[in-house]
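My entries follow the structure.

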Amino acid sequence: MAFAGHRNSGGSNMGGKGTVRLERPPSINSLSSNRSNSGVVASSAPSSSVPPTGRPKSSSPSPSFPRRNSLGSPRNGKDDCGGPFISSLLPGRVRVAVRLRPKNQEELVADADFADCVELQPELQRLKLRRNNWDSDTYQFDEVFTEFASQKRVYEVVAKPVVESVLEGYNGTVMAYGQTGTGKTFTLGRLGDEDTADRGIMVRAMEDILADISPEHDSVTVSYLQLYMETVQDLLSPGNYNIPIVEDPKSGDVSVPGATVVEIRDQQSFVELLRTGEAHRFAANTKLNTESSRSHAILMVNVKRAMYGRQDKESALSNENGNGVNILKGIRAPVVRKSKLVVVDLAGSERIDKSGSEGHALEEAKSINLSLSALGKCINALAENSSHVPIRDSKLTRLLRDSFGGTARTSLVVTVGPSPRHRGETASTISFGQRAMKVENMVKLKEEFDYKSLCRRYEIQIDKLIAENERNAKALQNAEEERDRVVREAQDCAIEAQNKLSSALERVAAERSSYQNEYIDALQKLEDREKHVQQQKAAMEAKLKDKNADPWKEGQVNGTGEELAQVKWLLQKEIQMREHAEEEVKILKRKIIPSVNTEMLENAEVVKLNKRLEDEVQQKSKLEEEIKSLKHQLLQLSFEADETRRVLDRGGSGRNSTSSDTAMNTFKTNQVRDAANGQKATIAKLFEQVGLQKILSLLESEDVDVRVHAVKVVANLAAEEANQERIVEAGGLNSLLMLLRSSEDETIRRVSAGAIANLAMNETNQELIMNHGGIGLLSRTADEAEDPQTLRMVAGAIANLCGNDKLQIKLRSEGGIRALLGMVRCGHPDVLAQVARGIANFAKCESRASTQGIKTGRSLLIDDGTLPWIVQNANNEASPIRRHIELALCHLAQHEVNAKDLIAGGALWELVRISRDCSREDIRNLAHRTIVSSPIFQTELRRSHTEF
């Protein structure tokens, strides 16, 4: 279980109060061995066609990393609830695979004339490491992956057997070791946001674990740590650092009890957890890697699986009859398997002279190399069966004591690069893998009687019976209360009915008395009315008698009749006028309705016209954008056509001297390559026959054509690093600067600027160019030239000079930054890409100087007014322009003194966009860490209510 002292320990141990640890014995078939070509005996891993729980497993194991046979032989003991078990250990060698990283862009250029230092023979599982052009060393591994191997194949061969062993109850470790920048984090921790095929071992392993476990009975918990400067830190809780490592004195198990433990239920939450951890991991920009990990990342996945007692639990919990007599019968102590998967992304080993680490980065590199050295010493001791293994020399070896020489099934991926410049690091990595293959682990299956779980199940059943008893008592009490309530309600209803009957009788008697009184009153009124009518009749008869006797009274009566007639006439006239007014109102309503309808139609027509106007404005904007895009594409296509024509023209002359090569190739790209090689061979031959001094003397010829051809030859020679020192020593740099200063021919100025750009790739030449006033000449040429190719060469030369830390102040004072900004007027994408590269190099050097305390104050780029152009082009369609500007923004934002200017210029929102949408994960993570670590940025985001 450990590097020393516990490697062959076995037996049963008490895991804690109420828990018994069990070790399952292996079956006879599981002890079969497989011998690899390296001469190391490889024991076959336990496997099973159907695991205890979960889905069936694949029946086609990898030839190099065999899957484990099941250790499910019958257990010895008394019964299922407490008998002792036989403990047994199963030997298993550490499995080692090697993976080759593809060449990057820098290596394609720098190593173009050199053969790769590594040659793979995957069919034989061999690797050849070149000593020189004639001799090489051959190494045998369990598996060899070429640069074209997919992430899925690497996982299936290396990690999946370990994951399956973890699901069966064994501890497992998957670890990546190699030089910085060779793809360790890509192999293990790639999330696959842009392309799911790029998912690394961490993501794929969790997918298989979650697919195999039962959410009802099993659990998966995760901790994510980093070992930084010999301190264990929690990546899920950044404030939790310097966590102690605890070792069990009985079993030798290593744990980190202070780390954050998160239970995983689904894959998405696990991916978010990894993304959170990567954001808090320490990384830095070195010469070997833009995002170099400065700490060892350790992912611990703990799997707990219940193997027995499930059916009893289900039958007990499904009892719905309320009969508690047999509810606890047959419950047995459940057997659980606890296993742990450890995925270790080691920080890359590096040489200080190659990585360029300085200041704090140098201390980080020392700490990394010391911990890796301690790990190598432990593996050497284990491989040689030494009596002492120095596991306490580093916290890394203490954390990995179960992985090498312990009880875990371990797979190691060593990553190497093809570049011959790093042959020493590659040889060291291969030697580490070879030594690790000699380490033997004793794989052990641990099972426990989970008496705590059994206790909880009994408590659940007892609580269920108590609750059922309480429910029955409560139901009986409720029934009695309901009976009393019904009786009370019946008595109340009877009393209420009696009251209603008495009230009804009283009301009927009162109504009868009222009706009698009303009848008597009606008879009395009828009699009174009859008397009144008789009196009116007598009065009328008396008036008629008086009328006949007095004529004047008759005239008065006639006058009263005429007044009544006049009143009736006025009333009729008023009625007619009212009817006439109502008719006019109806007519006006009929006239208003059409005008209202017309107004509504006009309003609708106005709305339609406004909509059409808005659509036309949008269409116009789209057409303008398309016109701009087409113009840009036309300009780029014309430039590519010119370049292709020039390459083909040069290729035609080259094919005359290499006709035997071109006859063997049928594709145009190969013809162009052969032509270029032929031209290089011709120039090299001319260089040897004529001599450098003679070629340089032709630069001063009075014949323009001679000068043009001579400067082209010098430019081609300057493209080779081996020729640059000889050209400078022979005075070639001064001649080129003189041509750039005095010549008016556009071709000569363009080729001279290109030759100077090639020479400016060397740091010594950069200082010479600056001392001879080269930046001033380049700035003047940038102001005068209009040809995009000339501007591209000039911008490339200035961009190379911007990458020198010592020339920052002088370059800016002589107008280098202003010259770069002035060349953006051209608008050509290749010119803009070189301008963006120069700004990114300048910002990177400033960032490094500020970190080391050499420079203070605001960025010179901001002083020279580059920030508006940077923000404007941060989301440029051309990926080279956008990538360089995104890097420049991240470097500028790393220092608080620039924060306010970046916020005022709108750069903060571009940083937020880069942290979310950038296609490159290293730049995206750099932007995210920059924003998180800046208090000023965080304050501005909170002020603007922006979630981040």
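**Ground rules.** I worked from a predicted model, where local features need pLDDT of at least 70, side-chain atom pairs count only at pLDDT 80 or more, and totals for chains, interfaces and linings use all residues. Residues are numbered from 1 along each chain as its sequence is written, and side-chain values use heavy atoms, without hydrogens and water.

**Cores.** I looked up nonpolar cores (buried Ala, Val, Leu, Ile, Met, Phe, Trp, Tyr and Cys residues joined through side-chain atoms within 4.5 Å). Buried means under 20% relative accessible area, exposed over 50%, partly exposed in between (1.4 Å probe, protein chains only). The largest core has 88 residues; Ile798, Met823, Trp869 and Phe937 touch the most other members. Helix α25 gives the most to this core, 9 residues. I took helices as DSSP runs (H or I, at least four residues), numbered from the N terminus. A second, separate core of 50 residues includes Val94 and Leu399.

**Helix α5.** I found 14 residues here, 267–280. Among its buried residues are Phe270, Leu273 and Leu274.

**Salt bridges.** I counted 39, each a side-chain nitrogen of Lys or Arg within 4 Å of a carboxyl oxygen of Asp or Glu. Arg749 pairs with Glu784 at 3.1 Å between the closest N and O atoms. Arg749 is in α19 and Glu784 in α21, so the bridge ties together parts 35 residues apart in sequence. Arg749 is buried at 8%, whereas Glu784 is partly exposed at 46%. I also noted a salt-bridge network linking Glu247, Arg392, Arg398 and Arg401.

Conventions. Helix = DSSP H or I, 4+ residues; strand = E, 2+ residues; numbered from the N terminus. Expected span 1.5 Å × (residues − 1).
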